[in-house]
Amino acid sequence: MSQNRWLATGNFFTSYKQEQRTFFTHLDRTIFTCFLVLLFGWPLVFEISNKYMLVLDNILIAIVAVMGLNLLLGFAGLISIGHAAFVGIGAYTVASVCQVIGENHVIVTHFWPVLIVCAGIMGAIFGAFVGLPALRLKHLYLAIATLSFQMIFEWFIQFMSFFNQGQTIYVGRAHWFTGQVGRSEHYLFWYYIILIIVVVLGFGVRNLLKTKYGRCLVAVRDNDRAADAMGMNPGLTKVYAFALAGFFAGVAGALHAYLYRGVGFDSFTLHHSVAYLAMAIVGGLGTLNGIFWGPVAIKYLDLQVEQFSELAGHYLTYAPNVATALKPLSFGLVIVLFLMYEPRGIANWWRIVKSYTKLWPFRY
Amino acid sequence: MSYFFQIVVSGIVVGSIYALAALGLVLVYKSSRVANFAHGQIIAAGAFITFFLTVRLGVPIFFSFLASMLITFFLAMSVERIFLRRLIGEPIISVIMVTIGLASIFDGLIYLTPFGSENFSFPTFLPTESIVVGGVSISWTQLVGVIITFVLIGCFSWFFKKSTVGISMRAVSDDQFGAMSVGISVPRVFALAWATAGLSAAAAGCIIGNITGLNFETLHAFGIVVFPVVILGGLDSILGAVVAGIIMGLIQQFASGYLDGNFGLNGTGDVMPYIILLIILLFKPHGLFGIHEIERV
């Protein structure tokens, strides 16, 4: 049967090889390539102020972190309310290297890719360790166990004088082949670096889910006893899911440390853990494009609320700081409304649009 | 030695407040299997409503105490009706996240009022000098707070053990289908459980506010600290909540009384509950009095 390689109205796979392809149709590939070209080319064409560049960088870092959380929560079905602590472990890995050998040591400034990978591995080790209770606990109990890990992490950072009691620890400027990355192109430089990391890790996740290990995660999520009966090792899978999530979070943390050129305790609090959860849920749990929609949506909301509260601040003079009030309010409303009316997240809208255009102008 | 007894007394004071705060969480979990992460915010709301009624409107404190309990009763009931009722049967992560989202919404609403960022304290209506017995001192506010707490806990236990509504609530927590088949309206029981939780939260808020002063950060932090308490006691046991509350209060006070400043440690009182929580979860996840129903891999 000759197939239209541009549009497919259904699933016509005849071999496993076909099913393993990254892009099912030419259209998928074209859209993806255009999107990538747009993301890479955008900052070159338009002049973006540092403020918005920072927002973009933040979104990309959040995407890396949420990738891990979505693997854990969406694909493996394990609840974690301590994701910001894992991100913090990545960041504090870089920070502790800075504390030991100095913030402008050549390892920190020149070999930052190595440090980022190290931070990821550190995150994975801690992730596996925190995942150990998952061998015995489920659902709410697991959520509370990770919550307590978050609280212990916060206390530990604030208590250790090695970590400057949670005050900022500075990280030196990174070097590229052309020399030190200057102040003016700092955010642009990290935009490209993080974008590349996001693309690489995104492909990694996509391919992981097609391997035995990825399918193990989904099987354990759906029913761990059935997975056990089919010869998988649910305990190992759970620990390994936590390690994976820790790896992604660790990488995100290291990137955060380099982007802000400093690590402070207040970027890794319980509030941030909840924000990561919200991003994963708003994007859509257990979906790949949800990983990207969630952080974009939540960060965009934050930006809008900030601008709105500047405006509203003129009228609500009795409230001390309107932004501190409106941010949690809007954030909470978005979480609650999404869970009540669109629990499958923004990714579901994308799916609806896609399936509509696939069959257009016909319908059933 | 009087230092030791002083710590025991303050541990019991703190612990009894924990017990009252944990009671609301247990009530909700017991009947509807929802872990309410917004409990701290309801506690704060109850405290601020009492403060507003007493100080701004000049209502006698006893009546404003009752009025705030009544208001949070309906507040929690409407929260259940509007948000949680739709989520019956949804996956647990949705339910947890909705209560976290609700906590965030309440945060925002309270920050919009002047109560969110300032410190207040209740007007003193009890003698200010402390009672000293054998070198151990306890203030009148603490004493009255503890007494009210135990009276309330007694009332709640009576309500659950003897009254028809309480028995129907226990029936629902035991077996929903069984309860339905004997004519109990399960949604109504859920609403009532939330409402009583709101009521106890307001009481806890008022007592905390009287003892430590009103500060939104400290008040809503109680919503997180009660989790170690309820896990220690067992998530669905009222007796467990009371016993574990007092144990946790004692542990916290002993940790900050004996560990802080001794081995280069400080702030151990804040972290001790979570360390204990992890240990309990690893070895005895159903707590001291909880029902064994944890699945294992």
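Me: What makes up the division of chain A into domains?

Reply: In this predicted model, chain A is split into domain 1, residues 48-268, and domain 2, residues 273-364. These bounds come from an automatic or database domain assignment. The C-alpha centres of domain 1 of chain A and domain 2 of chain A are 22 Å apart.

Me: How do you know that domain 1 of chain A and domain 2 of chain A are in contact?

Reply: Contact requires heavy atoms within 4.5 Å. By that criterion, 26 residues from domain 1 of chain A and 17 residues from domain 2 of chain A take part. The two domains of chain A bury about 1,900 Å² between them, and carbon and sulfur atoms give 80% of that area. Of the area that domain 1 of chain A buries against domain 2 of chain A, 25% is supplied by A:Ile59, A:Val66 and A:Asn70, more than by any other three residues.

Me: Which polar links are found between domain 1 of chain A and domain 2 of chain A?

Reply: There are 7 residue pairs in polar contact, both residues being at pLDDT 80 or more.

Me: Which helices of chain A supply the side of domain 1 that touches domain 2?

Reply: Helix H3 (50-75), helix H4 (83-101) and helix H8 (186-208) of chain A each contribute at least two residues to that side. H3(A) gives the largest share, 14 residues. By class, the side of domain 1 of chain A that touches domain 2 of chain A has 18 nonpolar, 7 polar and 1 charged residues.

Me: How many residues does each chain bring to the contact between chain B and chain A?

Reply: Chain B brings 46 residues and chain A brings 48 residues. Together, chain B and chain A bury about 4,400 Å², with 78% of it on carbon and sulfur atoms. The count of salt bridges between chain B and chain A is 0, while 2 residue pairs are in polar contact, both at pLDDT 80 or more.

Me: What makes up the side of chain B that touches chain A?

Reply: Helices H3 (61-84), H4 (92-112), H9 (216-233) and H11 (268-283) of chain B each supply at least two residues. The largest share, 16 residues, comes from H4(B). The side of chain B that touches chain A divides into 33 nonpolar, 9 polar and 4 charged residues.

Notes: Residues numbered from 1 in each chain as written. Chains lettered and ligands numbered in written order. Predicted model: local features only at pLDDT ≥ 70, side-chain atom pairs only at ≥ 80, totals over all residues. Heavy atoms only, no water. Buried area = accessible area lost by both parts, 1.4 Å probe. Salt bridge = Lys/Arg side-chain N within 4 Å of Asp/Glu carboxyl O. Polar contact = N/O pair within 3.5 Å; in protein donor to acceptor, adjacent residues only side chain to side chain. Helix = DSSP H or I, 4+ residues; strand = E, 2+ residues; numbered from the N terminus. Nonpolar A, V, L, I, M, F, W, Y, C, P; charged D, E, K, R; others polar.
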